[in-house]
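Dear colleague,

I am handing over the structure below, and would be grateful if you could look through it alongside the notes that follow.

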Amino acid sequence: MKTISTLLLLFVSLMPLTNAIAQCDTIVNLCEKHITDQYISDAQTYRALLNGDDVAEFTITLYSGNTYRMAACSGTSDSQLIFRIVDAEKNILYTNSDFGISPYWDFFVENTMQVTVEAMLDKNKSDSGCAVVLIGFKK
Amino acid sequence: MKYPKINLLSGIILSCMMCLFSSCEEESKTKAIQPAAAEDAVSSNGIMKLNGEIISIPSPVLVVSLLQKNSIAYNATLSNPVSSKSKYVNETKKALNLGLYGADLAYTGSFNAGQSVNDYVDAVAGLANDLGILEKIDRSLVSKLTTNISNKDSLVKLNAELFKLSDRYLRDNQQNHLSSYILIGGWIEALYLSVDAAKSNQAIASRIGEQKYSAPSIQRLATQLNDQSFAGIKEQLNELCAMLLELESTYKYEKPINDRDTKTTYLMSKTSVNLTVEELAAISEQVEKVRNLIIE
C-alpha cells in the first residue's frame with residue numbers, strides 16, 4: 001500500500017510538469033509555420049513558462065550579411081507573445097509591440113552583433129503560459 | 001510515510017482538474033501551468049530559465065555558408081574521417097562527434113561532395129542511433145537525407161532539422177548534457193573548417209574573431225559538463241574561450257531601419273573584433289588541439 005501511495009503521489013506531482021511540456025510542444029509545432037521553407041532553423045528551440053510580468057530572455061549572436069527570422073508564440077493563436085531585441089547597451093532595436101504584436105519578423109544584420117531577445121506575455125490576452133521563440137536564417 | 005486516502009484522492013482529483021482546465025483554456029486563453037513546481041522542474045528540463053540566459057551557439061551551417069560565399073575551395077582532408085566513428089565508445093565521445101559529424105555533413109553537403117555526403121549521413125545516423133535519439137525522432141529524416149544528397153539546399157535544411165529534433169528530444173528527456181556535447185562538437189568543427197581559410201581571407205578571419213561573442217556561452221555549457229572523459233577537452237576548450245575573450249572589440253549603436261511592408265528590420269549598429277595574425281595563429285592552434293582531443 002505504501003508503494004502504491006508513493007507511486008500515486010509521484011504521478012500526481014509529475015502531472016503538471018508533463019502538462020507543461022506537452023503545452024510547450026504544441027506551441028512549438030504551431031510556431032514552426034512561421035519559419036518557412038526559405039529559412040534554415042538554427043536547430044534550437046527557446047522556451048519558457050511565464051506568469052504575469054515575467055520576462056524570459058536569451059542572448060544570441062547575429063552574423064553580418066545574414067537575414068534572420070524570429071517567430072514568437074504563446075497559446076494556440078498568433079500575437080500573444082511580445083518580444084523585443086535589445087543590444088549590449090540596452091538600446092531597444094525592435095519590439096513587435098510597435099507592429100501589432102507580429103508573430104514573426106525578419107532582421108537583416110549589417111555587422112555581427114550580440115543581442116538579447118526578451119519575451120513576455122501580452123497581458124491583455126493571457127496571464128500565464130508557455131513562451132516559444134524560434135529562429136531561422138535565410139538560405 | 002503514510003498518506004491518508006482522502007488526501008491522496010483529493011490530490012488526484014485536483015490534479016486531474018488542473019490538467020483539464022489548462023487543456024480547455026488553452027484554446028481560448030493560455031493559463032494554469034503550475035508555477036512553482038513547474039518552474040523548478042522546467043529549468044532542469046532544458047526549458048529557458050526565467051530572467052536568465054539560454055545557451056545559444058551559432059549553427060555550423062552559417063560558417064560553412066560563409067566559406068562558400070567567399071569561394072573557398074572544398075578540402076576533403078579537413079573533415080573527420082567517417083572510419084573514426086567506431087573509436088567513439090562512450091556516450092560523451094559519441095555526442096561530441098555527432099555534433100562534429102553534423103558540421104562535416106553540412107560542409108560536404110554544401111559543396112556537393114558526392115559519396116562523402118552519403119558517408120557522413122551514415123555517420124550522423126549511426127551515432128544518433130547509438131545515443132537512442134534516432135528511434136525517438138522522425139526516422140524518415142535519414143532516408144530523406146540519403147535521397148537528397150545531390151540537392152544541397154534540401155540537404156542542409158534536413159540536416160538542421162535532424163539536429164533541431166535531436167536537441168528538442170534530449171532537452172525534453174533530461175539529457176541536456178548530450179545536447180551540450182553535440183553543440184560543442186559542432187562549434188569546434190565549424191571553427192576547424194574555417195581557420196585555415198582565415199589565414200588568407202579577411203571575412204573568414206573576422207568570423208573567427210566574432211566567436212568571442214559565443215565564448216561565454218561555450219564556457220557556461222562546459223562548466224555544467226563533468227564527465228571524466230570530457231575533463232581534458234574542457235580544460236583546452238576553456239583556454240580557447242579565454243583566448244577569444246581577450247580579443248579587443250568595439251560597438252557603436254546606430255538606429256535600426258524598419259520596413260513595415262516586408263516585415264524586416266535592418267540592424268545597422270557598427271561592431272568590430274580585432275584579430276591580429278599572431279592571435280589568429282594561436283587560436284587556430286588551440287582549435288586544432290581541442291578538436292584532436294575530441295576525435296582521438
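Strand 6 of chain A and strand 3 (residues 264-267) of chain B run parallel and are joined by four bridges, where strands are DSSP runs of E of at least two residues and helices are runs of H or I of at least four, both numbered from the N terminus, and where two strands pair if DSSP finds at least two bridges between them. In this pairing, A:F107 stands opposite B:T265. Strand 6 of chain A also pairs with strand 3 (residues 67-74) of chain A, in the antiparallel sense and over five bridges, with A:A71 opposite A:Y104.

This is a predicted model, in which local features need pLDDT of at least 70 and side-chain atom pairs count only at pLDDT 80 or more, while totals for chains, interfaces and linings use all residues. Residues are numbered from 1 along each chain as its sequence is written, and chains are lettered from A and ligands numbered from 1 in the order in which they are written.

Because five of its six residues are buried, strand 6 (residues 104-109) of chain A is largely enclosed by the rest of the structure; buried stands for 20 or more other C-beta atoms within 10 Å of a residue's own, exposed for 12 or fewer, and partly exposed for values in between, with C-beta atoms placed from the backbone.

A:A43, in strand 1 (residues 39-51) of chain A, counts as buried with 25 C-beta neighbours inside 10 Å, whereas B:K263, in the loop between strand 2 (257-259) and strand 3 of chain B, has 14 and counts as partly exposed.

Best regards
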